[in-house]
Amino acid sequence: MSTFNDRSLRACRSEQTDYTPIWFMRQAGRSLPGYRELRKKYDVLTLTQTPELAAQVSLEPIERLGVDAAILFADIMLLPIAMGVDVRIVDAVGPIIDDPITKPSDVAKLRPFEASKIGYLQETIRLLRSDLKVPLIGFSGAPFTLASYLIEGAPSRTWTKTKQFMYAEPEAWHLLMETLSTAIISYLKTQIKAGAQAVQLFDSWVGCLAPSDYREYVLPHVQKIFDGLEGEHVPRIHFGTNTAGLLQDFANVSAEVIGLDWRVDLDRAKLIIGNKVIQGNLDPTIMLSDTKTIEAGVDRIFDSLNSRQGFIFNFGHGVLPDTDDTKLKQLVDYVHAK
Ligand code: CP3
């Protein structure tokens, strides 16, 4: 009889586990064959908004790869959609908003979040919890990363309009951050109530900010989000990329776990973030090379840890779409055997 594998949750609480738990950001969807088949028939938003299909996509990596946690198949843009924003997800591009925020008065157009707007997500979570033998991680985009899509209207690599708005309209910026933060707290509480056993906040693009700007324009809002979830008693994961220069501030939140990318050595990061649990930080691009190179990358990560307690193996960002899933499976087995 199979029993529940709670190693990922125990690692979040810094408890000892018999092997290091591993899961992958963007493990649901992207590279897996079952998902690719479904995508021939449905667009991404339809998949995320159809509970039976979304649950099927979330389950695929558990069955195929043997990872120690499931992540809800959703997208960070589902929250803005629930707040009345028109979002399209365009193949090979990403989220597009035809009517982005360009002036302070646009912020007021965001409607307050209501749980009733994401009934489909609650249903997906319930379906997953009845099937899963590993913990289910819920998630949300962080206010900066969400704001970057709302203001740019499309994926950006420079975030010029976002920063321009932040510098030129600080009052409207803080109102936007506050509006999003309040919504994020209820959005994550709704996921937890439906059955999510841990939550991750994705601040994928916040590493583009100077540390002093991060402290002034973003950090107080993120702190409020994690503090607002304190009473939920589920592990909270704070993830960002390019955060090496922000780390002291980035980790200055009440989250239990800090998600790191590969641009930082774990032993150095640990000195800065202290007692918190670390999640990361293999470069997902290494999966496009051979097994020997991949295993050397894993070895280097374990060598840079003083203790395996309080560590969850992951990539430093999402699985790349071209990744061969047999290699992902080998990686899971290799980490479990370490
Ligand atoms: O992690 C998972 O497996 C769960 C599913 C998930 C999706 N989006 C589904 C999706 C998660 C956790 C996200 C988060 C997300 N979405 C982030 C933060 C994480 C990150 O990668 O930095 C961001 C920035 C987005 C916005 C977004 N959605 C982009 C930039 C894109 C296009 C590029 C891409 O392939 O990721 C999307 C579309 C999207 N969301 C896809 C999936 C599986 C691609 C769909 C496809 O083309 O099949």
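A residue counts as near a molecule or strand if one of its heavy atoms lies within 4 Å of it. The views below come from a predicted model, in which local features need pLDDT of at least 70, side-chain atom pairs count only at pLDDT 80 or more, and totals for chains, interfaces and linings use all residues. Residues are numbered from 1 along each chain as its sequence is written, and side-chain values use heavy atoms, with hydrogens and water left out.

**View 1. Surroundings of the ligand.** The ligand is surrounded by 23 residues, of which Arg30, Tyr35, Asp75, Ser204 and His317 are the closest. Polar contacts here are pairs of N or O atoms within 3.5 Å; within protein, one atom must be able to donate a hydrogen and the other to accept it, and residues adjacent in sequence count only if both atoms are side-chain atoms. Glutamine 27 places a backbone N or O atom 3.1 Å from a ligand oxygen atom. For serine 204, a polar side-chain atom lies 2.5 Å from an oxygen atom of the ligand. The side chain of histidine 317 has an N or O atom 2.5 Å from an oxygen atom of the ligand. Of the 840 Å² that the ligand exposes when taken alone, the protein buries 88% (Shrake-Rupley method, 1.4 Å probe; for residues, only the protein chains shown count as cover).

**View 2. Helix α13, residues 291-303.** Helices (H or I, at least four residues) and strands (E, at least two) are DSSP runs, numbered from the N terminus. The buried residues of α13 are Ile294, Gly297, Val298, Ile301 and Phe302; buried means under 20% relative accessible area, exposed over 50%, and partly exposed in between (1.4 Å probe, protein chains only). Seen down the helix axis, these residues fall within an arc of 135 degrees, so they line one face of α13; the arc is that of the directions from the axis to the C-beta atoms. They pack against α12, β8, β9 and α14, where contact means heavy atoms within 4.5 Å. The face turned away from the buried side carries the exposed residues Lys292, Arg300 and Asp303. Aspartate 290 caps the N-terminal end of α13, with a side-chain oxygen 3.2 Å from the backbone nitrogen of lysine 292.

**View 3. Serine 140 in strand β4, residues 136-141.** Serine 140 is buried, with a relative accessible area of 1%. Beyond its neighbours within four places in sequence, serine 140 contacts several residues, including Ile76, Leu79, Tyr187 and Phe202.

Methods: Expected span 1.5 Å × (residues − 1).
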